[in-house]
Amino acid sequence: MHDRKKGVLAEAWTIGKAVGQAMRITFINFFRKPVTVHYPTVSRPFPNRFRGLLALTYDKETGEENCIGCRLCEFICPPAVIKVEMLKGEKRNYAKFFSLELYACEFCELCVQVCPTDAIIMMKSFDMATADRREMLLDKDRLHAIGLQYEPSWATGNLLRDMQQPPKKESAKPDAGSGKPDAGSAPA
Amino acid sequence: MTPDRARELLGTVAGVTLSGAGTPVVAQVEPAQWLDAARFAKDTLGCAFFSFLTAIDWKEQGLEIVAWVDNLDARVSVELRTKLGPGVTSCASLTPVYRGANWMEREGFDMFGVRFEGHPDLRRILLADDWEGHPLLKSYAVDTPHPPYR
Amino acid sequence: MSFASLPPAVQSLIMGSAVLGAIVGLLAYVTLLERKFAARLQSRIGPYRVGPRGLLQPIADGVKLLLKEDVMPDSADRPVFKLAPVVFMIPCLLLFGVIPFAPGIGVADLDNGILIFLAISSLEIVGLFMAGWGSNNKYALLSAMRAVNQIISYDLPFIMTALVPVMLAGSLRLSEIATAQAGLWFIAYPVIGQIAFVFFIITAVAAENRVPFDILEAESELVAGFRVEYSGMKFAIIQLAEYAHVLGTSFLGALLFLGAWAGPGPVWLGPVWFLLKALAVFLLLTWVRWSFVRIRVDQILRVSWKLMLPASLLLLLATAATIVWRTPHA
Amino acid sequence: MPDVRALDYAGSERLTMNMGPQHPSAHGVFRAILTLEGETVVGVDAVIGYLHRCHEKLAETLAYVQYPTIASKTDYVAAMSSELAYVMAAERIGSFEVPKRAQYLRVLMGELQRIASHCLWLGTWCMDMGGALGGGATIFLYCIRERELVLDLFESLVGARLLYGFHQVGGVRYDLPEGWTAECRKTVALIEQRLGEYEGMLEDNPFFMMRTKGVGVISTALAQDVGISGPLLRGSGVEWDLRRSQPYSSYEDFAFTVPVETGGDCYARYKVRMVEFRQSIRIIRQILDGLPAGPISSRPGVKSLAQVKVPKGEAYARVEGPRGEVGCFLVSDGSNKPYRMKWRGASFSNLAVLPHILPGCSVADVVAIMGSVDPVFGEVDR
């Protein structure tokens with residue numbers, strides 16, 4: 001504590017200055033606006049690309065469900081929480097069965113990315129706490145209902161794949177992935 | 001010390017086969033020479049920095065131990081490897097040369113069941129003491145039932 | 001029948017109950033004050049959910065702690081474990097018995113009030129050590145040993161510093177120290193007053209075991225120190241007692257240096273002024289607490305014995321010399 | 001680990017004290033069985049593994065397209081650098097090229113991640129030293145306040161705050177959204193200003209100096225021998241920064257200094273990290289100024305599991321993470337899954353130094369030293 005080279009008074013002065021400095025900084029912060037968000041009453045604005053609750057979508061024009069039961073999301077899912085069975089139809093296929101174990105989901109957005117029909121998307125919602133674990137086992141109806149309940153995030157399979165598209169050999173056509181920073185604010 | 005010079009020097013050590021080019025210098029060592037090769041790397045090549053030690057299970061060809069050391073001043077990396085051979089689970093410990101090998105070898109014992117001879121404190125490190133089997137062996141199936149949690 | 005015509009014992013009883021009630025109520029809100037103040041220092045809001053702006057938070061805390069399960073370790077030294085919070089609490093509340101809150105208002109205005117105050121103030125260590133020992137917990141034991149070390153080494157400079165105003169006032173009676181400041185608060189006394197006040201704050205922080213001197217709580221090392229095994233109401237009592245001790249010291253600081261109840265306005269505003277000044281001292285202690293990191297036990301002891309104690313002795317000497325110098329020779 | 005019995009016995013009773021796995025300063029789930037003589041540590045047995053999740057076995061069962069999203073769970077405080085180590089190893093085996101823009105984005109994220117991670121380190125370290133009910137908590141909350149701003153940037157980029165899944169083999173998955181660069185500039189400017197406040201609260205502060213100077217000295221020889229890396233190694237006087245000595249992902253394009261301190265104590269490590277904060281900000285500014293246009297991935301976006309196949313081979317990719325050398329040793333057998341993956345966690349090696357330096361310290365120093373090592377147990381136990 002006591003530096004022998006300096007005098008006691010000089011030492012006391014440095015200590016006093018440092019102490020004053022620390023207390024000054026806390027005092028400055030006393031007058032800063034608190035950063036706390038009153039969570040359940042006020043919610044932080046979601047960014048456009050928020051990766052939240054998963055949902056299935058309907059086609060906007062025909063009102064049909066988009067999922068064709070191709071099982072790509074089931075294969076890609078790293079924690080293997082998606083289970084799909086396909087129902088063959090005449091014009092197109094459907095998902096006979098679609099379940100998602102949200103309690104093990106890690107929200108990596110790979111299922112969204114691989115979906116060829118933009119059927120599975122993510123929602124701007126994260127508060128899914130529940131007292132019953134079984135409520136987090138989402139079936140097809142629940143997923144469709146969630147899709148109508150919340151606001152969708154920006155990402156869909158096609159948009160994500162476009163963004164990552166490498167330049168085509170020879171014909172470098174400008175697309176969402178190349179060129180200027182991409183317009184993440186455009187809603188899906 | 002350059003990678004080439006390191007290669008040249010390592011070539012003079014008995015039981016060392018070199019492969020690859022540039023950095024890292026990959027030295028395939030006979031199991032009997034394992035400790036000597038490491039000591040040579042540290043003392044002669046100046047590889048004082050011990051990066052990691054691990055094992056690879058080549059199924060029927062047995063285990064291979066890999067250690068990676070660096071000479072930080074000359075920026076030369078040396079990868080030491082030794083094939084223990086089928087069925088062999090014992091290997092000389094590098095702890096007399098590198099103190100950092102202590103935990104790495106405990107992990108190797110934990111995951112692969114390699115008995116490092118001369119290790120001061122060879123216990124399981126990541127898994128529980130009463131765990132059965134060595135999970136990173138290829139013979140250990142992913143869905144092997146484990147003793148119940150307590 | 002007026003209050004003054006009652007027998008002294010009854011007077012003390014009434015006054016004591018009144019002060020006790022007021023202090024316990026005040027303590028509850030002092031915790032809220034500290035939490036709110038600390039929160040703002042840290043860019044937070046602090047408790048805001050219970051009642052308007054969190055004003056009911058202390059009550060909610062109390063109810064919660066009352067309803068909590070009272071866990072006692074199996075191998076604890078039961079009588080000691082149970083008794084410790086009470087032994088800890090009593091001296092902390094007794095402090096308020098000797099403080100005069102305004103001329104004539106107070107439980108007992110003793111002619112050696114400050115000595116009694118300082119004596120009682122260091123008694124808390126008994127309860128503290130009992131708690132540490134009785135818990136049969138290594139963390140608690142270490143903490144209790146640290147506590148004994150620390151409190152003994154900081155009570156000495158604390159007492160020395162508190163003696164400076166005593167010398168300036170020339171009396172051990174707290175009310176006389178207060179009235180002696182009618183002209184000039186002792187904090188405004190040239191040089192000596194300011195140094196003494198700074199020393200008082202440092203030693204008070206140390207004697208209250210607050211950061212940066214809170215090595216006996218030291219939750220990053222000793223989890224919660226001596227109270228690690230306490231829960232429910234016992235924990236609440238310990239917590240309350242700690243705050244009582246801090247508040248008592250704040251009152252003492254306001255009395256010794258800030259002129260106690262002196263202030264503009266009518267006489268009946270005196271206690272209010274005193275309270276405000278005490279709270280200001282309390283906030284200063286809080287501000288120090290929330291601005292520094294903790295120091296190590298051996299360093300704390302070194303600071304005390306090698307720096308604070310000699311320095312406070314010197315200060316005392318200087319005060320004595322000043323008084324002699326300024327007193328006209330008869 | 002020194003043999004406790006071999007140490008000189010002063011005649012007082014010894015106390016065995018468990019620090020952790022449930023302990024306020026265990027930084028997760030670390031258990032140090034301390035043998036105490038009074039308040040002095042005479043023996044340490046470090047127990048780890050409480051957070052073991054078989055990452056190395058898991059990697060053998062997951063494809064190259066899947067694992068990067070899980071790699072972020074090894075070092076969850078610096079997820080960007082752990083993901084990068086994995087994809088770099090795969091790219092190195094397959095000699096996949098990465099577009100310039102993607103490389104710059106990786107550096108950008110790595111440096112932002114370093115800021116976020118160091119913020120957390122500073123906060124938790126001060127909390128270890130200063131108490132959750134004291135000045136330590138104040139600095140902790142300030143640091144977390146600033147870290148949140150960086151996480152906000154990540155969130156607006158990838159949509160997640162902690163586990164990003166930003167990298168993929170051949171590039172990155174997300175391009176910058178509109179307005180992101182402006183936001184980023186604002187954030188780093190703010191953080192740079194606030195850094196001065198942290199230093200003002202800590203440096204010259206007698207309490208802080210007493211706690212850190214000369215505490216937990218790691219000698220250069222011990223540092224190399226045990227294989228500690230990152231700020232700890234540089235704090236012990238070795239100039240070794242993978243960004244400088246073995247540049248990856250276009251780090252050679254940027255100007256920055258590698259701080260080296262020779263003290264080897266907690267204060268030296270603190271100084272190194274504080275300089276790194278500023279150097280990261282410097283690199284970020286350079287990237288934002290010179291971010292090239294172009295594709296963000298040399299391979300099309302992930303569509304199926306078998307999309308990325310890596311030829312037979314082996315590679316060791318090392319990345320300078322906030323805690324040091326994050327390495328991924330990958331052995332490929334030509335399929336879409338690795339044959340073997342060894343994860344070299346920086347914290348694992350850094351933590352292994354504790355049994356060598358703790359004996360002789362007091363209990364209070366143990367937490368200060370452990371905090372200065374900055375272990376993340378996701379990476380230690382993997």
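How close do the axes of helix H3 (residues 78–94) of chain C and H9(C) come, and at roughly what angle do they cross? I started my notebook with that one.

**Before going further**

I am working with a predicted model, in which local features need pLDDT of at least 70, side-chain atom pairs count only at pLDDT 80 or more, and totals for chains, interfaces and linings use all residues. Residues are numbered from 1 along each chain as its sequence is written, while chains are lettered from A and ligands numbered from 1 in the order in which they are written.

**Entry: two helices in chain C**

I found that the axes of H3(C) and H9(C) come within 8 Å and cross at roughly 25 degrees. That makes H3(C) roughly parallel to H9(C). My note on angles: under 35 degrees counts as roughly parallel, over 145 as roughly antiparallel, 65 to 115 as roughly perpendicular and the rest as oblique. Axes here are lines fitted to C-alpha atoms, for helices over the stretch in contact, and angles run from 0 to 180 degrees between N-to-C directions. Helices (H or I, at least four residues) and strands (E, at least two) are DSSP runs, numbered from the N terminus.

I also looked up the hand of the crossing: H3(C) passes H9(C) in a left-handed crossing. Left-handed is used if the near helix is turned anticlockwise from the far one by less than a right angle, and right-handed if clockwise.

Next I listed who touches whom, with contact meaning C-beta atoms, placed from the backbone, within 7 Å. H3(C) brings C:Pro85, C:Phe88, C:Met89, C:Cys92 and C:Leu93. From H9(C), the residues include C:Ile237, C:Ala241, C:Ala244 and C:His245. By class, the contact of H3(C) with H9(C) has 10 nonpolar, two polar and one charged. Here Ala, Val, Leu, Ile, Met, Phe, Trp, Tyr, Cys and Pro count as nonpolar, Asp, Glu, Lys and Arg as charged, and the others, Gly among them, as polar.

**Entry: one residue in H9(C)**

I stayed with helix H9 (residues 232–257) of chain C and picked C:Thr249, which has its place there. Is C:Thr249 buried or exposed? C:Thr249 counts as buried, because 26 C-beta neighbours are inside 10 Å. The cut-offs are 20 or more other C-beta atoms within 10 Å for buried, 12 or fewer for exposed, and partly exposed in between, with C-beta atoms placed from the backbone. Leaving aside neighbours within four places in sequence, C:Thr249 is in contact with C:Ala204 and C:Glu208. I noted that C:Glu208 is 41 residues apart from C:Thr249 along the chain, and that their C-alpha atoms are separated by 8.4 Å.

**Entry: the sheet of chain D**

I then moved to chain D, where three strands form an open sheet in the order E1-E2-E3 with antiparallel pairing. E1 and strand E3 (40–47) of chain D stand at the edges with a single partner strand each, so one side of each is left without a neighbour in the sheet. From one strand to the next, the twist averages 20 degrees. Strands pair if DSSP finds at least two bridges between them; strand E2 (residues 31–37) of chain D and E3(D) have seven, in the antiparallel sense. In one of the bridges I looked up, D:Leu36 has D:Val41 of E3(D) as partner. H14(D) lies across E1, E2 and E3 of chain D, running at about 150 degrees to E2(D).

**Entry: a helix pair in chain D**

The axes of H4(D) and helix H11 (residues 266–290) of chain D come within 9 Å and cross at roughly 150 degrees. That makes H4(D) roughly antiparallel to H11(D). H4(D) passes H11(D) in a left-handed crossing.

**Entry: where chain D meets other chains**

How many residues of chain D are in contact with chain A? I found 42 residues of chain D in contact with 42 residues of chain A. H5(D) gives the largest share of the chain D side there, five residues. That side divides into 19 nonpolar, 14 polar and nine charged residues.

The contact of chains D and C takes 31 residues from chain D and 24 residues from chain C. On the chain D side, H5(D) again gives the largest share, six residues.

**Entry: chain A**

Last, I checked chain A, which has five helices and five strands. Of its 188 residues, 35% count as buried.

Technical notes. Contact = placed C-beta atoms within 7 Å.
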